[in-house]
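Dear colleague,

Here is the structure I promised to hand over, and below it I have written out what was found. Please keep the model open beside the text while you read.

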Amino acid sequence: MSNASPRPVAAPRSFGAINSLGLWTLYKKEVRRFLKVVTQTVLAPVATTLLYMTVFAVALGSGRAAVHGVSFVEFLAPGLILMGLLNNAFANTSSSILVSKVQGNAVDFLMPPLSALELEIAFIGGAVTRGVLVAAVTALTLVPFVNVMPVHFWAVAYFGIGAAAMLGMIGIIGGLWAEKFDHMAAVTTFVITPLTFLSGTFYSISRLPEPVRLISQFNPFFYMIDGFRYGFTGFADGSLTVGVVLVGAINLVLAVICYRLLRAGWRLKT
């Protein structure tokens, strides 16, 4: 008879109410994914913003009248910064989920003991990190050319992070819905870009005739850009109260939708 003692049986791991280790791991994966190609994901958007700023400053800057008491380039800068934030927050979640589906490795985040809420938080966290990083680098790059010192930090933080979270959740929905890259390109071309360009990024809606001005106030992107610009310039075209409530309400609705879709594994498990 063998006198060898039996091997101890490992106890099952307990993660508690929240699998913080798994959530943190997925978040780091989302961040490292875009940092590995930082030239494409961070530096390229910054270069694009600088080109926009150069074109508008050269073509219109010197001859364009001040907007609400600030120069045109100072009015334009916050809109361009937030535009880069919006596009990159959306791209982070949408591309991550779509690439996982196309390559067949969505199982990498479906198999671990992660709840739908933990998946959602990790994906949104990655989107917010990329969006805020692009916005911060863009702002620092613009410092030598235009004043981008915040006047109301709460507005910059609330509307900046709220906008990144909103586009991150739209990216989750888009990534789950899309079956190929053409579908995602269509969402960007026909939804995200028009809403961004028609939201007062390059102009003040106070200069628009009716009913175009009224229609612009139904665009949620207008309130994000208007509130973000208020944080830098101290003025707003629309109601800040409406903007704060609307951004919060839309994010809450999107959070519920994303949670339900991830919990059901919509277009992930089939």
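Just after helix H10 (240-264), Gly-265 takes a positive phi of about 65°; helices here are DSSP runs of H or I with at least four residues, strands are runs of E with at least two, and both are numbered from the N terminus. This is a predicted model, in which local features need pLDDT of at least 70 and side-chain atom pairs count only at pLDDT 80 or more, while totals for chains, interfaces and linings use all residues. Residues are numbered from 1 along each chain as its sequence is written, and side-chain values use heavy atoms, with hydrogens and water left out.

At the other end of H10, Ser-239 caps the N-terminal end, with a side-chain oxygen 3.4 Å from the backbone nitrogen of Thr-241. The 25 residues of H10 should span 36 Å at 1.5 Å a residue, and this agrees with its end C-alpha atoms, which are 36 Å apart; the expected span is 1.5 Å times one less than the number of residues. Among the buried residues of H10 are Gly-243, Val-247, Asn-251 and Leu-254, where buried means under 20% relative accessible area, exposed means over 50%, and partly exposed lies in between (1.4 Å probe, protein chains only). The buried residues of H10 pack against H5, H6 and H9, contact meaning heavy atoms within 4.5 Å.

The largest nonpolar core has 67 residues, and Leu-82, Leu-86, Leu-167 and Met-224 touch the most other members; such a core is a set of buried Ala, Val, Leu, Ile, Met, Phe, Trp, Tyr and Cys residues joined through side-chain atoms within 4.5 Å. H3 gives the most to this core, with 14 residues. Leu-167 touches several residues beyond four places away in sequence, including Leu-86, Ala-89, Ile-192 and Met-224.

Helix H3 (residues 72-103) also holds Asn-92, which counts as buried because its relative accessibility is 0%. The side chains of Asn-92 and Arg-130 are joined by a polar contact of 3.3 Å, that is, a pair of N or O atoms within 3.5 Å of which, within protein, one must be able to donate a hydrogen and the other to accept it, residues adjacent in sequence counting only if both atoms are side-chain atoms.

Finally, Arg-229 lies over the face of Phe-75, at 3.8 Å from the ring centre; the rule asks for NZ of Lys or CZ of Arg within 6 Å of the ring centre and within 35 degrees of the ring normal.

Best wishes
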